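User: I am new to reading protein structures. Could you walk me through one, feature by feature?

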Amino acid sequence: MTSTGNGASRTAVEVRLEGLSRRYGPVVALDHLDLTLQPGELVALLGPSGCGKTTTLRLLAGLEDTDAGSITVGGRDITRLPASKRDMGMVFQAYSLFPHMTVRQNVAFGLRLRRVGAAARDKRAIEMLELVGLSAQADRYPHQISGGQQQRVALARALAIEPQVLLLDEPLSALDAKVRAQLRDQIRRIQLEVGITTLFVTHDQEEALAIADRVGVMREGRLDQLAPPTEVYSRPATSFVAEFVGLSNRLPGEVRSGEVTVRGCTLPLVEHDVPEGQVVALVRPEAVTLASHTSEESGPLVGTVIAVTFLGATSRVTVDLGDTTILAQLSTSDASALPAGSRVALTIRPDPVLVSSSSTVDELVVGEEE
Amino acid sequence: MAVAATTATGARPARAGRRPSVPSWLGTVPFFGYVAVFLLWPTAIVVFDAFKNPVGKFTLAGITALGNAQVRGFFIGSFKLSLISALVGAVLGAILAYAVASGNPQGVIRRLYLSASGVIAQFGGVTLAFAFLVLIGPAGLLFHASWYYSFPWGITVIYAYFQIPLMVLVFLPAIDGLKVQWREASESLGASAWHYWRYVGGPLLLPAFLGALLLLFANALSAFATLQAWEDAVPYTVPQQIYTSMSSEVGLANINYADALALGMVVLVAIVMTGYALLQRRAARWLR
Amino acid sequence: MAAITSVGETPLAAPAKRPTGMQARRRRRLNLFRYVVFSLFGLFFVLPLLAMARWSLEGARLGSWSLTAWRQIASYNASEGIPPLISAVEITLELAVITSAVMLVLVVPTMIWIRLRVRWLARTMEFLCLLPLTIPAIVLVVGLGPIYNKIAHLSLSALMLFWVYVILALPYAYRALAAGLNTLDATTLSEAARSLGASWFSVIVRVIVPNMRQAILNALLLTSALVLGEFTIAFFLLYVNLQVELYSISRNTPNAGVIFSTSFAGLMFAFVLLLILSFAGRRRRGGAPRG
């Protein structure tokens, strides 16, 4: 990939959203949201539909008005600025390329608006197309290229104007799975190369975990957690995050002397100052290992395989323990030895687990209370 | 009834040519036959009779008569009226269509206007002329427009009444086809409203607009009833002249004159409609 | 980096002020534009109708009011100086019914049949159905002379106009019906029905047609509106239908109120029907699922 000096010519900026609120009639879409993007970082906003992630993006872009709060980019307050003056590049989910213009003309459009001369425009457009690997398609029309290619053109078009911030609104959701994965990595590569502060909205947790510097999990207009992907996955701040990102088994256990005992296994805790007593522990399926159990004795960690779900390289095995069911994730070769009906013995790997002291798993005690 | 025991119009897998299956296109014969008799045959009669003289021999006299100054005058009259009323209808109709399109897609106003457009576009002819007569004619309730009987402006106002709704009906889907993402994308790239319409919205709507304009033009060319009810003393346009030549007692000698005129009209309208079809296809590709 | 949770305990304080954002301003400007446009155009379209309505209620002296014009529509005797209009109205209504019926029976099965079995004819049918838009009535009627001479041997009634009215209605009816047919996956439906043992007749009549109810109603209405308003062909072929009758009344007694009462009634009839149709259609289809 040619080095085009895009990142070197501009310094990345910090984006700060403070107290951002937005409502539509009685529905609160955003509730005093605070979010800061460090210069050059890619933050992924993750959450179910209606959680406010797209609203956040659109407010940042200026496509919707804020009811309250402020937006500061590179130290400059742009809350009152119209979208056309915000100097941001945006990639939409679909259909955003102008059908009557060629790829080249699409990419050069922003420059044309800025009265860049034809020669300079063209040069820049080709540069951008080479960045995304589509310079061969420069004179095609949008309907002549595939969905993935269209999104790459949209990215080139957004970057052509050298914006301060890059905004991506579920850019991969409309694409096939295979294309999605490739494009995802490509977007990340380009973002790093250009070094631009980026906000990426998605409902697909795999995407978010794969490409983000930090992931913001949103629910009902608020951020439940904003942290690097590994932390969001292994130390979810709320049970919603734990449920939304990856799977968990919910198993009753008891906390004693800084550890929790779940079905006879003693596991360390993620947070150390959890009061003693009965809790519900969240155990990841990949922490559960299975072995064939031939002896007749039963126990809290002995059960029968009910179902095996083939996922490709790994398989998910559902085991009936008599009083509850548990999910285990194994490599497929291991799982093939344990078809439905086999009796198995479980071991739980001593990874730190998250616990909740309430029986309704909506609130989690995470260290001190807010 | 078992699938195998289909009626004669079903095609069966070939059975080594034992039973000739009845071709399924036979089922369409009633329709095509009907259209052939009542549409294609009369058209053919018009076309052929234009080349025949009253006793039936082949002649080009009818066609060459089209070149004379008087006939040219009628074609010019038709052309003028159609063009002006089409432009008026197209521009005003586009504005109205935009107003309707930018509202709630399920809203009351939209449905009201669309139903009204459906009816009013058909509401031409005598009734319309009467309505305007009582509104702005000599005994007009509103006022007397001195230009009411002028050609083409007076009659254009009447034509506008059905041209505008027709424009709304035809052009509205195109406006609906403008995706909101295009507007937002151009905004985020720095375009003002003017830029958007100049570089994106305008060019995208242009084929649909021109196509609709052509349709309105053809529509006005073919109109007769409104003209006749508005003022039947002096023929200004080709349709009126066709009527005059067909209804006059001396008419028999002029029969192929009417045919020639009709042929001229068909050719003109056919050219316009072809242009319309081509533009529609381009518009559909972008705005589907 | 510590997990950040937002402080969202207090409910969003409802701002009592008007939204002042740019998008809100833009929306307001747009609404102003719309109201102005609708008012102006609404005025333009309503005034002639009002004038018609007012004139139809005109009495003997200018400025007075009277229902004479409305009563005259139904008058059977010619003593009041207005030729009986009622038979023209009757004939035209009957024509509307016959034309609609013939058109549906002719077009709907053919359309479906072509869609299911004879795809390659689809283009041809579409072309033929749109052709009448290109061949104006005024041209058609010149060539119809000889054909209608023959028809006159069968019957002299104006009802014979239906033959050509079906052709005139084709473009509008076809478009409405095609729109309805296109929303169905007719092929799959017919395959399902056939696999359950239905004959082709059943497929058409019992499976496809019921799903096209909305479109068929649409087509019926457009056809009827067309027949009610048709003048040119009837006039040329020397038949008397509603519009021709109104025309000759106007030539004999200009500004006769009955012209306006009849026209106004016909117009309102068509408009109300179309309105009902559009509302009925929505309810049946239900709302699209919100994304």
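Predicted model: local features only at pLDDT ≥ 70, side-chain atom pairs only at ≥ 80, totals over all residues.

User: Start with chain A. How many helices and strands does chain A have?

Analyst: Chain A has 10 helices and 20 strands. Its C-alpha atoms fill a box of roughly 80 × 45 × 40 Å along the principal axes. Of the 370 residues in chain A, 45% are buried.

User: Into which domains is chain A divided?

Analyst: Domain 1 of chain A covers 6-240, and domain 2 covers 250-356. The centres of these two domains are 40 Å apart, taken over C-alpha atoms.

User: What share of the contacts in chain A join residues at least 24 apart?

Analyst: Take the contacts between residues at least 6 apart in sequence. In chain A, 67% of those join residues at least 24 apart.

User: Now sheets. How do I read one?

Analyst: One open sheet in chain A has five strands in the order β15-β19-β16-β17-β18, with antiparallel pairing. Its edge strands are β15 (288-292) and β18 (325-331) of chain A, and each pairs on one side only. On average, neighbouring strands of this sheet are turned by 45° against each other, direction ignored.

User: How many bridges join β15(A) to strand β19 of chain A?

Analyst: Five bridges join β15(A) to β19 (residues 343-348) of chain A, and the two strands run antiparallel. For one pair, look at A:Ala291: its bridge partner in β19(A) is A:Ala345.

User: What is the strand order in the open sheet of four strands in chain A?

Analyst: The order is β2-β1-β4-β5 in chain A, and the pairing is antiparallel. Here β2 (27-37) and β5 (76-77) of chain A are the edge strands. Seven bridges link β1 (residues 15-24) of chain A to β2(A). Within that pairing, A:Val15 has A:Leu37 of β2(A) as its bridge partner.

User: Which helix lies across β1, β2 and β4 of chain A?

Analyst: That is helix α2 (residues 53-61) of chain A. Helix α2 of chain A runs at about 115° to β1(A).

User: Which strand pairs with β6(A) in the parallel sense?

Analyst: Strand β7 (residues 165-169) of chain A does, over four bridges. Across that pairing, A:Met88 stands opposite A:Val165 of β7(A).

User: Are the residues on the two faces of strand β6 of chain A buried or exposed?

Analyst: Check each face in turn. A:Met88 and A:Met90 lie on one side of β6 (residues 88-91) of chain A, with A:Gly89 and A:Val91 on the other. All four are buried, and both faces are covered.

User: Next, backbone angles. What should I look for?

Analyst: Most residues other than glycine have a negative phi. A:Arg115 has a positive phi, near 60°. A:Arg115 sits in the loop between α3 (103-113) and α4 (118-132) of chain A. C:Leu238 also has a positive phi, about 65°, and is not a glycine. Its place is the loop between α10 (232-236) and α11 (242-252) of chain C.

User: Why does A:Arg115 count as exposed?

Analyst: Count the C-beta neighbours. A:Arg115 has 7 inside 10 Å, so A:Arg115 counts as exposed. C:Leu238 counts as exposed because it has 11 C-beta neighbours inside 10 Å.

User: And cores?

Analyst: Start with a general idea. In soluble globular proteins, nonpolar side chains tend to be buried together. The largest nonpolar core here has 272 residues, and B:Met167, B:Phe171, C:Ala173 and C:Leu177 touch the most other members. Helix α8 (residues 193-222) of chain B gives this core its largest share, 15 residues. Leaving aside neighbours within four places in sequence, C:Ala173 is in contact with C:Met103, C:Val107, C:Ala219, C:Leu222 and C:Thr223.

User: Last, how many residues of chain C are in contact with chain B?

Analyst: 66 residues of chain C are in contact with 66 residues of chain B. Helix α1 (residues 22-56) of chain C gives the most to the chain C side, with 14 residues. That side has 50 nonpolar, 12 polar and four charged residues.

User: Which element gives the largest share of the side of chain B that touches chain A?

Analyst: 17 residues of chain B are in contact with 18 residues of chain A. On the chain B side, α7(B) gives the largest share, six residues. By class, that side has eight nonpolar, five polar and four charged residues.

Methods. Residues numbered from 1 in each chain as written. Chains lettered and ligands numbered in written order. Buried ≥ 20, exposed ≤ 12 C-beta atoms within 10 Å, placed from the backbone. Contact = placed C-beta atoms within 7 Å. Domains from an automatic or database assignment. Core = buried A, V, L, I, M, F, W, Y, C linked by C-beta atoms within 7 Å. Nonpolar A, V, L, I, M, F, W, Y, C, P; charged D, E, K, R; others polar. Pairing = 2+ DSSP bridges. Axes fitted to C-alpha atoms, helices over the stretch in contact; angles between N-to-C directions.
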